[in-house]
Amino acid sequence: MELPLSLPAAAAVMALALPGLAAFLLVLICMIAHVTARKMPTFQRHEKEKFFVNAEGRKESVPSIHDPPTRDLSVVVPSYNEEDRLPLMMDEALDYLEKRQKRDPSFTYEVIVVDDGSKDETTKVAMKYCKKYGSDKVRVLTLVKNRGKGGAVRMGVFSSRGKNILMVDADGATKFADIEKVEEGLKNLQPWPNEMAISCGSRAHLEKDSVAKRSYFRTILMYGFHFLVWFLCVKKIRDTQCGFKLLTREAALRTFSTLHIERWAFDVELLYIAQRLRIPIAEVAVNWTEIEGSKLVPFWSWLQMGRDLLFIRLRYMTGAWQLETRKCN
């Protein structure tokens with residue numbers, strides 16, 4: 001009759017088996033990431049997404065990121081069910097932009113509100129600004145279905161006319177005048193290789209205050225996410241998620257035409273692509289205030305982002321995703 005293994009012997013067997021099990025699981029995860037990957041991002045627009053509706057109610061064809069720029073600045077505002085929070089941001093942004101244009105008549109801009117398949121009156125609210133300021137300055141692009149924040153930003157970027165393109169959250173959490181800070185960050189990166197550079201607004205300097213206001217659970221989730229971002233994808237940017245980023249037109253073209261992630265973790269893939277392409281990146285402290293009404297669901301959104309971070313690294317590492325620039329329609 002065989003005697004069961006003693007506790008030390010069982011522990012030794014487990015110690016020998018664990019590395020092999022870990023290696024097997026890693027290979028299995030890599031295979032799953034590779035097999036389930038959508039090889040290239042989809043850029044197709046629905047027919048209704050190929051035009052803006054101007055202030056007079058007529059359809060105007062959207063321009064293309066591949067066209068030469070005709071404005072100094074494009075501001076892209078991804079918006080999903082933002083009828084309540086959008087006016088605050090638009091009032092502040094347009095007040096700043098109009099005053100800047102009066103100081104410098106050569107300065108030209110456009111604001112593109114991308115309604116990401118909202119179920120409320122987001123498009124109607126945005127169109128009030130289009131009628132007030134004119135469709136050359138304020139444009140509303142309404143998506144047929146929800147794509148996610150990253151997908152909405154990309155659609156706005158691909159429809160822009162600016163030499164520089166600023167992505168801004170619809171909640172107005174970042175003071176719009178801080179664009180001057182990120183512009184300075186962009187300027188300080190010159191000379192830009194191949195006209196490519198990115199300047200990121202950052203809330204990292206506010207982290208101690210934000211931790212004091214958060215629950216332990218949310219704090220643990222935040223630090224866990226930061227660790228995964230650093231370990232898997234982006235090393236030198238402390239705050240990848242601040243929705244206030246300024247890109248040169250060429251940098252926007254190269255990064256967004258490679259982007260696969262369309263939801264919360266798209267910022268991380270964007271910066272991962274930029275670092276792989278050796279695009280210089282600045283991180284600039286900006287003012288930020290938490291605004292009620294966030295669409296982020298703490299546990300499930302963080303879980304989804306954690307999965308996306310792992311897949312970003314594995315899919316590029318295994319060659320399922322490539323750093324290719326494709327023509328977007």
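The lining of the second largest pocket comprises seven charged, four nonpolar and one polar residue, where Asp, Glu, Lys and Arg count as charged, Ala, Val, Leu, Ile, Met, Phe, Trp, Tyr, Cys and Pro as nonpolar, and the others, Gly among them, as polar. This is a predicted model, in which local features need pLDDT of at least 70 and side-chain atom pairs count only at pLDDT 80 or more, whereas totals for chains, interfaces and linings use all residues. Residues are numbered from 1 along each chain as its sequence is written, and side-chain values use heavy atoms, with hydrogens and water left out.

A pocket is an open set of points on a 1 Å grid over the protein atoms alone, with protein on both sides within 12 Å along at least five of seven lines, and its lining residues have an atom within 4 Å of a point. The second largest pocket has a volume of about 260 Å³, which is the space filled by probe spheres set on the points, joined across faces, edges and corners. Helix α5 gives the largest share of its lining, five residues.

Salt bridges (a side-chain nitrogen of Lys or Arg within 4 Å of a carboxyl oxygen of Asp or Glu) number 19; among them are these:

| Pair | Closest N to O distance |
|---|---|
| Asp95 and Lys99 | 3.3 Å |
| Asp136 and Arg71 | 2.7 Å |

Asp136 lies in the loop between α3 and β5 and Arg71 in strand β3, so this pair ties together parts that are 65 residues apart in sequence; helices (H or I, at least four residues) and strands (E, at least two) are DSSP runs, numbered from the N terminus.

Methods
On a 1 Å grid over the protein atoms alone, a cavity is a set of points where a 1.4 Å probe fits but cannot get out, and a pocket is an open set with protein on both sides within 12 Å along at least five of seven lines; lining residues have an atom within 4 Å of a point.
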